[in-house]
Each structure stands twice: as structure tokens, then as C-alpha cells.
Amino acid sequence: MSEILEILGCEHPLTIGAMAHIGSSDLGIPVIQAGFGFCMTMIKANTDRDEWVTNEVNKIKKASDSNFGLNILMADNPRIKEDVELIIKMKPRFVTLSAVLRPPTSNIKALHDAGIYVGILVGSARFTQLCIKVLGKDGIKPDFFIAEGNNSGGHLGPEDTDTLLKEVIPVAKKHNIAIGIAGGISDFSKASNAFSAGADFIQIGSWAAVSKESPAHPDYKERVFKSSETIVTAARFRHPVRALKSPFTEKLYEMENNPNMNWERFSEFARGSVPRGLLNGDWETGTMLCGTCCKDIKSEKSITEIGNSLISGNSN
Ligand SMILES: Cc1cc2nc3c(=O)[nH]c(=O)nc-3n(C[C@H](O)[C@H](O)[C@H](O)COP(=O)(O)O)c2cc1C
């Protein structure tokens, strides 16, 4: 088994990235059993966070020998310390840190001391270099990076996947750190392109969000199959999020571009719209997170079919 597969605890070089509200054990167990990597979310609307995470992790552990990851969304997260403490209790194989604004030295150290591998989501070569430099001063090296292009669903970095392929992979390789690529990887040729450029693994989100095993609402899945356009909202407030274009997300876009609008009022208006979109299938007031690859995703498939077709070009 290659080193990165050992870190991610899977057979094939493909992970399903964390997905707020829907990246639970329902999705995780079939993903892990199919031999792919799985990163569980710790964000689920209307639940007690610790109780929900503990229950979900226990279900995954029963099915998988702890071959799972957990994700911390770092930006605007007032509970990072508590997240790290909960993760150390849960003993996942790996953790991914996303929406990272500055190199998270002390958090990585605490996770490493607990024997947990750590990967950092990066959106540019510059930030990747900064992480290596700043963490290196304290003798810390991340176990892997995931370069996530801004064509992906959810929170976004500054660059697209093609740019990251060219610019981030050489930085990670130079420092001997494993690197995954995410964002718009919707077919075998895009996956092959990432591997040819030197990626150690690929990560997907949108495809898995609409898989047969995903607990997302059927109306969300239908909207993804029928959509070909996405929109980025909240970029003005430096919280860019990509979702399906809809009257609601267009309204968000219009609101944020009103010069009199501020982050407090905007975020108050948008609050709860992501779980409404993903879990209730609410087109009128929901934000249906999805990447630009919605244009290539036209029907529901199982995780095994999706994963195999990306890795081998053959869905069986
Ligand atoms: C519905 C949805 C929710 C997501 N939520 C998160 C999240 O909570 N944390 C995170 O790091 N990434 C999140 N992502 C990003 C994915 O983990 C993954 O990196 C990304 O979707 C890959 O790009 P793709 O959608 O083009 O496949 C989300 C993506 C989607 C589609």
C-alpha cells in the first residue's frame, strides 16, 4: 500500500471530501466499504454537535476499523479548540483542515501528538508555501495537502483546478508531501489528468452528494441533475461559496453587491439556507451547494459506480 493510501486508510486513491450536513455515516460506510477514502463532517443542522459526531463515528467504526477522517472548517470557527479535543477522543485516522486562513501550528501539533494524520486544504501555491515555511519553523510538516480548485462545491479558494495542478503539485513534491486534487473532477479524463500531473489522489464532493447513498434530499439531487449553472455568493465578504444558480442564490448575489450591505445582515439573511437546500431540497430559500461539474452530472449512480468510473474509466 502506498504511503498516502496508508494515511487515508483506503484501497483506491480517491476520497470523498467533507460535506456539511450530508457527509455522515449513511454516506461514509458505503464509501469506505467500496475502498475509497472518507472524510466525515462535524456540521449537521439542528443537532447537538458532540452527540451527533459521537454517534456517527461509532457507526462508522463498527463498519470500518476507523478508516475515516474528520474535517474542521477553520474560518470563523469559534470552537476550533473544542473541535480538536472532540477529534482526539474520536480517534479518526486523519483530519482535514479547510477554509484555513493562517498556518494552524498548535492544532496540527495537538493532532499529531494524538497519532492522527493531518491534511490541509489549500487554494494557491503561495499559501501552500506559507504553510510549509511557517509550520516548518516549529518542526511541523503536514501529512498531505489537498489543492481544491474554485470550481468545486462549497467554500472556495482563489484559483481553479488547472492552475493548482500546475502550481501546487510541484511545491508539495519539492517538500516530499503527498498532494490530493479536488474541484471539478467529474470523469475519467479529468481524474487521469490530475494523476498525470503528479497528484497522489483525487477528492470529489458534488458527485458523491448526489450519489444513491447520499442522505441529501431527492429534490436537491434532481436540481443538480437538471442544472448546468452555478454561482458564487459572499465573495465580497471573503466567504465565497459555490452553489446552483437559483432565484434565491441570485438574490444573495444581488444583496451582497449592494454597497449598503454588511456581513452581519447578509449572513443573518443567509443563515440556515445550506441545510434547507441540501436536507429539505428547498429551492425557494435554500442554498444548494454544488460545483461547476453539475453540468456533467445527469443521473443518480452508486458510490461504487462513481468511484470506479473515475479511477478506472469503467463503472463496474
Ligand atoms: C454539498 C457540499 C458540501 C461541502 N461541505 C464542505 C465542508 O463542510 N468542508 C469542506 O472542507 N469542504 C466541503 N465541501 C467541498 C468538498 O469536500 C470537496 O472538496 C469538493 O466538493 C470537491 O469539488 P467537486 O464538488 O467539484 O467534486 C462541500 C462540497 C459540497 C458539494
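Trainee: What should I know about numbering and confidence?
Mentor: Residues are numbered from 1 along each chain as its sequence is written. This is a predicted model, where local features need pLDDT of at least 70, side-chain atom pairs count only at pLDDT 80 or more, and totals for chains, interfaces and linings use all residues.

Trainee: What makes the overall size agree with a compact globule?
Mentor: The radius of gyration is taken over C-alpha atoms, and the globule rule is 2.2 Å times the number of residues to the power 0.38. For 316 residues a compact globule would be near 20 Å, and the protein has 18 Å, so the value agrees. The C-alpha trace spans about 45 × 45 × 40 Å along its principal axes.

Trainee: Which domains does the protein have?
Mentor: Domain 1 covers 2-215 + 299-311 and domain 2 covers 218-294; such bounds come from an automatic or database domain assignment. Their centres, taken over C-alpha atoms, are 23 Å apart.

Trainee: How many residues of each domain are in contact with the other?
Mentor: Contact requires C-beta atoms, placed from the backbone, within 7 Å. By that rule 19 residues of domain 1 are in contact with 17 residues of domain 2. On the domain 1 side, β7 (154-155) and α9 (206-209) each supply at least two residues. Helices (H or I, at least four residues) and strands (E, at least two) are DSSP runs, numbered from the N terminus.

Trainee: Why is the ligand said to lie between the domains?
Mentor: Both domain 1 and domain 2 give residues to the shell around the ligand, so it lies between them. A residue is near a molecule if its C-beta atom, placed from the backbone, lies within 6 Å of it. The ligand is surrounded by 29 residues, with G17, S152, G153, G205 and G291 the closest. The largest share, 3 residues, comes from α9.

Trainee: What makes β7 and β10 edge strands?
Mentor: Two strands pair if DSSP finds at least two bridges between them. The open sheet of 3 strands has the order β7-β11-β10, with antiparallel pairing. β7 and β10 (230-233) each have a single partner strand, so one side of each is left without a neighbour in the sheet.

Trainee: How do you know that β7 pairs with β11?
Mentor: 2 bridges join β7 to β11 (residues 241-244), which meets the requirement of at least two. In β11, R242 is the bridge partner of G154.

Definitions and conventions: Two residues are in contact if their C-beta atoms, placed from the backbone, lie within 7 Å.
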